[in-house]
Structures are given as C-alpha cells and as structure tokens.
Amino acid sequence: MGSKYPPSLRCCLPLWAVTLQVAFTLLFYFFISYDTLQVDQKLLVTYQVIKDLTLMAALGFGFLSSSFRRHSWSSVAFNLFMLALGVQASVLLDHFLSWTSQKDALSLLSIRKATMSTMPVLISAGAVLGKANLVQLAVMVLMETAAFGATRFADKQVFQVEDHTVMMHGHMFGAYFGLLVAWCLSRSLPSGVDEKVQTEKVQMATGSSLFAMLGTLLLWIFWPSFNSALVELTDKKNAVLNTYYALAVSTVTATSMSALSHSQGKINMVHIHNAVLAGGVAVGAPCSLIPSPWIAMVLGLTAGLISIGGAKCLPVCLNRMLQIQNPGGTHYTFGLPGVLGAVTYFCKTRKNSYSIFDVNQMIIDFGALSFALAMGMAAGLLTGWLLNIKVWRAPHATKYFDDQAFWEFPHLAVGF
Amino acid sequence: MGSKYPPSLRCCLPLWAVTLQVAFTLLFYFFISYDTLQVDQKLLVTYQVIKDLTLMAALGFGFLSSSFRRHSWSSVAFNLFMLALGVQASVLLDHFLSWTSQKDALSLLSIRKATMSTMPVLISAGAVLGKANLVQLAVMVLMETAAFGATRFADKQVFQVEDHTVMMHGHMFGAYFGLLVAWCLSRSLPSGVDEKVQTEKVQMATGSSLFAMLGTLLLWIFWPSFNSALVELTDKKNAVLNTYYALAVSTVTATSMSALSHSQGKINMVHIHNAVLAGGVAVGAPCSLIPSPWIAMVLGLTAGLISIGGAKCLPVCLNRMLQIQNPGGTHYTFGLPGVLGAVTYFCKTRKNSYSIFDVNQMIIDFGALSFALAMGMAAGLLTGWLLNIKVWRAPHATKYFDDQAFWEFPHLAVGF
Amino acid sequence: MGSKYPPSLRCCLPLWAVTLQVAFTLLFYFFISYDTLQVDQKLLVTYQVIKDLTLMAALGFGFLSSSFRRHSWSSVAFNLFMLALGVQASVLLDHFLSWTSQKDALSLLSIRKATMSTMPVLISAGAVLGKANLVQLAVMVLMETAAFGATRFADKQVFQVEDHTVMMHGHMFGAYFGLLVAWCLSRSLPSGVDEKVQTEKVQMATGSSLFAMLGTLLLWIFWPSFNSALVELTDKKNAVLNTYYALAVSTVTATSMSALSHSQGKINMVHIHNAVLAGGVAVGAPCSLIPSPWIAMVLGLTAGLISIGGAKCLPVCLNRMLQIQNPGGTHYTFGLPGVLGAVTYFCKTRKNSYSIFDVNQMIIDFGALSFALAMGMAAGLLTGWLLNIKVWRAPHATKYFDDQAFWEFPHLAVGF
C-alpha cells in the first residue's frame, strides 16, 4: 500500500521555503530594526492582544479545519507554517507600504497588525487545504498577503477607511479569495477512481471533529479580542460586548436551525463548527458603532439564519454550477456573514453622520466594500491560475485530502 | 442500524429556541442599554477575567464531560448552547433583581457576574447530559438560572452574605440540583434491551478521555481566576495563592489515593478528571480569608481524600438506593468539596470575628448555606418533574448517552 | 489478557506520595507565610505570567509527550502530578536557599519562579516518561528540583549570573538530566518478548499526535511569555519580539528540512512536534540582548537546521552507542538548541561589554554554562542509579510505554 506519489517535494519544498526564509531574513537585515522607545506603557496590553490573536490563528484556525478524516495532520501543521510565513511577509509589506512616513520601526504593534493581516490567509486556507501542497500554500500566502496589503493600502489612501474596518473586510476578502483558488484547483477525478474513497475522505471522524470543535470554541472565546483589537480604548467596551452578544445569539440560532434543516431534526456538526461563529463575523465591522445590545443580538440572529441557510442551499448550487467542493464551510462562515457585517456598517455609518443624503460617504463606503470584494476575487483567480503551473508539483486529484501524500506515517514506514 | 428515534425535534427545538431567543432580544430591547461611562480604567482587567471565565465555561466544562464513548459531541456542543443561553438569562435576571437600585446598566461587569452565575448550570449539566435533549436542557437553564438568581437575591438581602460567598455556594447548588434532575430522569430500561450496550455507552474511549483531561486541565489552570474573580483587589493575592496550593495538593492526593482504592493499585482516569479539582472547589468560599498556605494545603488534602472516598463509596449507595446513575462525578467533584468549603468558611468567619459566642453570625451563615442547599434540591426536584412532561419529547431511555439521537453522522447519512 | 504487573503500587504510591505531601504541608506550616504587603500594583501582571506559565507546564508539556500510542494517559496525568509536586518543592527550596536574606515571604513572584524552576523537570520527564512509575517520577522530581536549585544557587552566588540566564540553562539541564536517567532505565528486553509489540508501542496514533500538536502549539504561542518572564520591563519588548521571530523562522525551516530528510520528501510529525520549538529555546538566553530581528531569525534558522539534523542523525548514534531509546525528542528540542542559545548568549555578552579581551567574563560565562551541563549530567546519573533500586517497584521492561500498567481501563475491568 505504498504511496504512488512521486517523491518530488523532497527538493522542491526545502529549496523554495528556505530560499524564501533567507530572503526574508535579508530583507529584515536591510530594512527592519526595533524602535528605540525604552519604556512602552502599553507593552503588556499589546502583548496580551497578540497572544489572543496568535492563539486564534495557530490553534483556532488550525483545528477548525482539522475535521477531515484523513487530512487532520496537514490542516494543523500547514496552518502553523502559513501563519509563520504570513506574519513575516505582512511585517515586511507593512514596512514598505508606510515607506514615506519613516516612522514604522518594529514594535509589538506591527506584530499585532501583521497577525490580523494574516487571518484572511488562514480563512482562505480553510477552502484550499487538502487540494494544495506546502509549496503551493507558501505561494498563496505571498500572493494573498500582497493582495490584501494592496487592498488595505488603497482602502486607507483612496477611501480613507480606518484600520479596523479594513481588517473586517478581510473576512470577505479571505473567503472569496479562497473559494476562487479552490475553484481553480478543483479537478474532475480521472475515470476508474473509486469515488466512494474520495467522498469518504472529506467526511469527519468522531475524534477529529472534537478537535474542530476545540478550534471553534477557541475562536468563539477570543473573537471579542479580535474584533476589539484595533478599536480605540473608549470604544473597546462596546466592541467586546456587542461581539459577545452576537456570538451568544448566533450559537443558539445556528444550533436550533441546524435541527430544522435536517429531515429528522438532527443537528449537523459541521454547521456547529462554522455557524456559531457567524455572529462574531457579522458584528465585526460595525461592532464599535452599535449603541445597544439588542442590535448586536438581531445581527447575530440574522447571521445564524444566513449561515445555516447558506450551508444548506449553497453547496448544491456551488457544487453543480461552479464545481467547487468546499466541505470546510468558508463561504457561509466568513463570506456571507462578512457581507452582512459590511452592509450593516454601511447603514450604521450613515445613521451616525445624521445626514441621510450623505451620498458622498455612501459611495465611498460602498466603493471600499466592492473594492475589497473585487480584489479578493481577482487575486484569488490569479493565484489559482498560478498554482496550476506544473512547477509546484501539485498533488494529483486522487491525492486530495490525503495526509499520506505529505506525511511519513510510522506504521507504514516499516516496509521502507 | 437506522435510528429509531422519532424525528420530532425538527420543529420542537427551533420553535422553542428561536422563540426564546427572540423573547430575550425583545427584553434586551426594552430594558437593557449600555452604560455611558466613556473611560473605564478597569476595562482590560475585567475583560481578562471574562476571557478566563468563558474559557473555563465553554472549553473546561464542555470537554470535562466529553469522555463518554458515544456522547462526546453532545456534551461539548450542548454545553456551549447552555452557556450562550444562560448568560443572556442571567444578565436579564440580574437586571430585574436590581431593579430598585436603577444603576445596573450593562457593562463588562454584568457579563462577568452572568458567566459566574451560569457555572452552576454547567455543573448540573454534568449530571444531566446524556439523559435530556436540547429542549429539556434549555428549560433546565431557565429554571436553574431563576432558582440560583433567587438564591443569590435572598442570600444578599436576607442573610447579607457577600457576592463571592454566594457564588461559591453555586458549586453545591449546581451539584445537588443536577443530581436531583438526573434522579427524576433516571428510568429503568425496558426489558429486552441489551444492558451491555447501555453499560458500554457510559464507558470512556481512550481518545475522548484525553479531551476530558484537556477540560480538567483548563479548569485546573484557570480555577484561581474563578475563585478570585469577585474578591477585592487587596484580597486577590491570597485568593489566588490559596487556590493554587489547594489544587496542587489535591492533585497529588487524589492521584495517589485513586491507586489505593483499586485492588491492583491502578489509577482510575475518571477520578483524575474530577478529584484533582476538588481542592479548588473546597477552597472556594474561604479562599480570601485563609491567612497561611498550609491551611489551604490541608483543605486540598482533605478535599482530595473526600473526593476519592466519595467516588469509591457513593456510587454504590446512590445507584442502589436512589437509582441515580451519575458517571460524571458531579457529586464528588463539586457537591462534597463544596460542602467542605462552606463549612470551612463558616469556621473561618467565626474565628475572624474574635468572638466564639457570636451565635448570631453562626446562625446566619448556617442559614445561608442550608438555604442554598435546600433551594438547589427543591428546584432540582421541580425541574426534574417538569422535564418529565411529554411536551419536550424526551429521548427514550434506550437512547440515553447516545449521540446518534441528536446528531447527523455523515457516515450513516448515506442511506437516508 | 489480564495484566501480569504485580499489584504492588497499591500501597507503595499512596504511602510515598501522601507522606511527602504531609511533609511538605508541615514544612509550609513551620517556615512559609504570605507576605503582608497589602497592595501589590504588579499583582495582575504577575498573575497573568503565572497563568501563561502554568498553561505551558500543565497543558503544553503534558500533551507534548502524549503522542505514544499506548502511553497518552500516563503522559498527561503524570505530568500534572509532577508539576504539582515540583512547584511545592521549588517554593520550599527557594525559601531555604534565600534563608539568610529573610525577605522571601510567599508572594505570587515565588510561584512564578517555582513554576519556571519546574520546567526542567517536565523537560526531563519527556525522556523518562514510559520507563518509570509514579513513585520513581516523584523521586526524580525531588532529586532534579534539588539539583537545579543547587545549580541556580551556585550560578547566582559564584558566577553572578542573573536569574533569567540561569533559567534558560534549565533547557540543557533538563534535557541532559532526562537523557541520562533514561539511559540508566533502559534495559534490553528479555528474550522471547515480541519486539514488534514493543516497537509498535512507541509509535504515534493519528489522534494522539493531534494532542501532541496541541501541546506544541500551546508551547509555541506562549513561549514569548516564558522567555520574557524574568526579563526587566524595559527589555521585555525585545525579548518577546526576538522569541516570536525565532519561532516563526524555525517553524518554516524545520517543516521544510523535515521533508528534505526523508527519501520521498515526506514530513515527519515527530519533527514538527519538536523542531518548531527549537527557535524559542535557542533564543532563550540571549533574547533580551539581541538588538535586531534578523539576528533572532538567523538563530531560529540555525536552531531549526540543528534540530532536524539532530533528529535525523543522533538517534542512530545514541541508540547504537548508548542504548538510549528516546522517541520523545528531548535531546534535539531542548538539548542542542539550548547549547546553541547559551553559546550565542556568551558571544552577545562579550560583544556588549565592548572589550574583546574581557577574559574574566568569558571564563565566568563558560564556567556557568559548563557547571549547569555537568550538574545536569551528574545529577541525572545519580538519579538514574537511585531509580534502579528495587524499593520503587519499577515496571518491567516489557511494560514500558504501556498505560495498562498504571491505569484501570473500564473495558478491561469487567473480568476483575
């Protein structure tokens, strides 16, 4: 039962990854230095936020996509690899994009920003994992970091959107980027391959679905930290409370609607993994503007409904029309609730400006939102096309969602 | 091997849960608003405590009861559902109970209090999970939140006990509430059912017992946060240190006594899951009053002994006399050590008042303790009786501790 | 299939453990009291660090060594037992070693120091777990705590090394201590025993390797807390950032080099569990002195290379020459990167003192490093010899790495 996978990644992966890593080190050598501020009053607070974000990124997103029966090792380990690479790339990119201002020496704040900028990459990875090898994922990290960096730059410079809102556009950006990359990588199976084996691979195992639940719970617990990370201290309380209520309501809604969507009233574990987070995603952009808890609760309820509805209806459409197989639920966890949140933000801002006919602001907000969506899709298509090039030695379609293509299994190693 | 469970929860669960959720949202709309304090100096500290408590509630209690071979999915996911519902109910209840004072606008402090008030619900759930469906659990959340809210109100108004002590009574309250609900839901199996299958269900699987260990460890690590959450800043240091030492000693004691209680000197994993926490529970009420570490250590040692002794002797009595099957160990983790802690608190307060004949205070403390116990038992009986009503479509006794009654399993879904 | 293990631990373990625990309680009664400082401004910050460290110790190290197919229960539970015992022993030892100064009343800082002093014990445990019973491990905790306490005392009094550096020597100390204890406990199997069964035991299971990954990720996330715990507030920023970058780079390097080291380009999960942490270990000692991120990155890259190289080459040498079987990877995770870090620290200090011929300081630093190494090895040999005494009722070599020797399994308990 030896793997038929050609042993090509042996030189390919170390060559690319170590070269990239040496290049990053050189760039850091030439361009990045620590700031010389001796006493940073906010140091411990910022470090606390970084810990929460890293916990979400490394553990939360890592285990969230680990529920596939045969792909749990890759999901967790590749996620960490992408995080480590993405943060470095984001720090460098942020440095170059703020080149003119000359004030961006390396502090803890740049790690905070870089970790948040890497989140869309990890969201995309939820759709792509299982269809790409580590070299392809490294390329995707670079492409997506660059594209999201450009989006953030344009949002700030052209549309004058603030940091927090731009980051919250990242949910949509990541989701649609990932979906389009996954679409490009989707290939019909060669005839003669047992389809049952392929279907079985993307099913959950009981044990690894508990790991996915662990990831979900960690994201659930620390989501208020994520939503309030870039918010001013005076607005932080509202951001935390709104996120908390939206998450609580979307949990109750998603769990019960999942029972409604099954003919026998049974709950689907994949829905729980994904839809309980929808409230947090939806409340992301407007979280500091919402003045009363009930609005956050209505948003959480709507997000839970949309998410379960999407999970029930969309796979049918997407599978048939676009041939995207997306068992991870990236679309209805981050895509749809992200759009809901952006639209809510859009309404809230208008209301806050006390001028219904503030057409200018409307156009600008709408422009920023569409721009983020368009950039995510365009960059996703480009990246997907790029990943199809032969040079990356992509896994065969029969080896999709298969840990054995990438990992040395001790109990198989006996024969070697 | 299709499930014989009637598909009734399909309408029942969404109807109840979404109605409840909409009712909560309306109540929030009419009654709750954020406070208008712009700058809250303690904001980040309070948020830190909330994160710790939510981590304990969602992850710790969720995984603590996930060790049953066939009931791990339900344990974790239903626990999150109950937490989300319980926090909302507690916030509303706290608001109505402090109606007269008019000063309780929604701040982070109310979430902290609400999360702590939901802990007894999650403790009870440890005894009830596996015997009730999600609708019954939602009813239980409402009943127990109301009962515990009433207890807290009476303790504060009548007995003048402070918040911290009332919350620590919650361990006992939750444990005995849960045991009596479980007693009401215990049913003898219909004849003809293979008892072996039923016994096998409540056994641990190796993998899921590691998840339970994860829950235990998280509770162990964050227990000092729980015990010190409502303590004044000046007493916080003692509360943290005493909890830490009591936990350390009860770990060593419980592990070694578990070996003594087995005929071949083998350790029981269920004992470890539960008894290592006994020290933290026992030290809960008096944690800020204990002036020296050795007292906390003696308390931890006693709690470990009581807990293992209870685990060895009580199931025999309880199973025979009361027909309660409680594989989760709620009684000897939270019940007995909670009583030990309350009694210690009782002695400590008396000693601190430097008057051995302070009969008044004695009666008051004893009254508060008995009142909490009596309320827990009475409310538990009432709730248990309520949950036996047909309208909730309770699972059959043969489907107890069975994930298949509630969850859509992908690998079984093929035939549907 | 009943266990052939003699039921001797039944009295042995409780006798030793409870006696030890009572002795500790008595020592605390006579010698340790809380400090009377009423208001501690740093209280919450210190408690935050303690939580991070306890999380690393109880969850991180506990699950890191849980990947063996048949030894996961023991790894996690025994790790907690050792932590609970080690912290108490360290607090007592620290008190007696600072006897003269009279100022070391018990505060949160002493728990922080004690938890950090227990880390080397948990590192050693990674090499010893599976070959020793709980009584032997308790003896090892006492021996190693005493030996590391003596090393710290000598380092501070004789070599005038500061606390932070001494603690970072603990990685090496723990690794070589553990390796030599494991060497003493390694026994050739009696003839007639199926070697296949023994080999199979130390292999990973897919599920428990995810638990090990959880441990790794938690250590990865909180390593900056560990490295910056004893650093002055002004240097904390550099310590955190350098650790973060070194970890990121060693993750990328280790993952890709692991593919290079396999003939088919497949990644080894055990490498990932261990080598991604190498960067954090290597950057430990000099973390607050490194002035630019690129140096930390180069250190992380080197640590990743050394770690994977060691993982590939050393087992062959060690297994053949010294008969040490060390599937846990203690040596190449903590031993080699720890030496690299100490040597880097050595160079950095010299450079910082602006005097290349500062021979005095060179000799002192080199002396402290060699002393820690020598103490670790000598104490390890002594402890290994001690653990071979019959009185501890060590498990047979055929029962190495076997949970059944220590744990009551419900599904086997039927026949008893």
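This is a predicted model: local features need pLDDT of at least 70, side-chain atom pairs count only at pLDDT 80 or more; totals for chains, interfaces and linings use all residues.
Chain B tells its own version of the story. A turn of 120° with a shift of 0.0 Å along the axis puts chain B on chain C, again at an RMSD of 0.0 Å. That is how a three-fold axis relates its copies. Here are the two superpositions side by side.

| Pair | RMSD | Turn | Shift along the axis |
|---|---|---|---|
| chain B on chain C | 0.0 Å | 120° | 0.0 Å |

Within chain B, the residue that comes closest to the rotation axis is Gly207(B), with its C-alpha at 4.1 Å. Chains B and C use different surfaces too, as 5% of the contact residues of chain B recur in chain C.

Now for the interface between A and C. On the chain A side 61 residues are in contact, and they touch 60 residues of chain C. Together the two chains bury about 5,400 Å², and carbon and sulfur atoms supply 74% of that area. In chain A, the residues that lose the most area to chain C are Arg10(A), Tyr34(A) and Trp73(A), which together make up 14% of what that side buries. As for charged pairs, the count between these chains is one salt bridge. A salt bridge joins the side chains of Lys51(A) and Asp52(C), with 2.3 Å from N to O.

Next, a spot where three chains come together. Gln48(B) sits in helix α2 of chain B, which covers residues 43-64. Setting aside neighbours within four places in sequence, Gln48(B) is in contact with Gln48(A), Gln48(C) and Lys51(C). Gln48(B) has a relative accessibility of 15%, so it counts as buried, the cut-off being under 20%.

Last stop is helix α6 of chain C, residues 163-185. This helix has 23 residues and spans 32 Å from first C-alpha to last, close to the 33 Å expected at 1.5 Å a residue. Even so, α6(C) bends by about 25° at His171(C). Is α6(C) mostly covered or mostly uncovered? Mostly covered, with 21 of its 23 residues buried.

Key
Residues are numbered from 1 along each chain as its sequence is written. Chains are lettered from A and ligands numbered from 1 in the order in which they are written. Side-chain values use heavy atoms; hydrogens and water are left out. Copies are superposed by least squares on the C-alpha atoms of residues with pLDDT of at least 70 in both. Contact means heavy atoms within 4.5 Å. Helices (H or I, at least four residues) and strands (E, at least two) are DSSP runs, numbered from the N terminus. The expected span of a helix is 1.5 Å times one less than its number of residues. The bend at a residue is the angle between axes fitted to the seven residues ending there and the seven starting there. Buried means under 20% relative accessible area, exposed over 50%, partly exposed in between (1.4 Å probe, protein chains only). Buried area is the accessible area (1.4 Å probe) that two parts lose on being put together, summed over both. A salt bridge is a side-chain nitrogen of Lys or Arg within 4 Å of a carboxyl oxygen of Asp or Glu.
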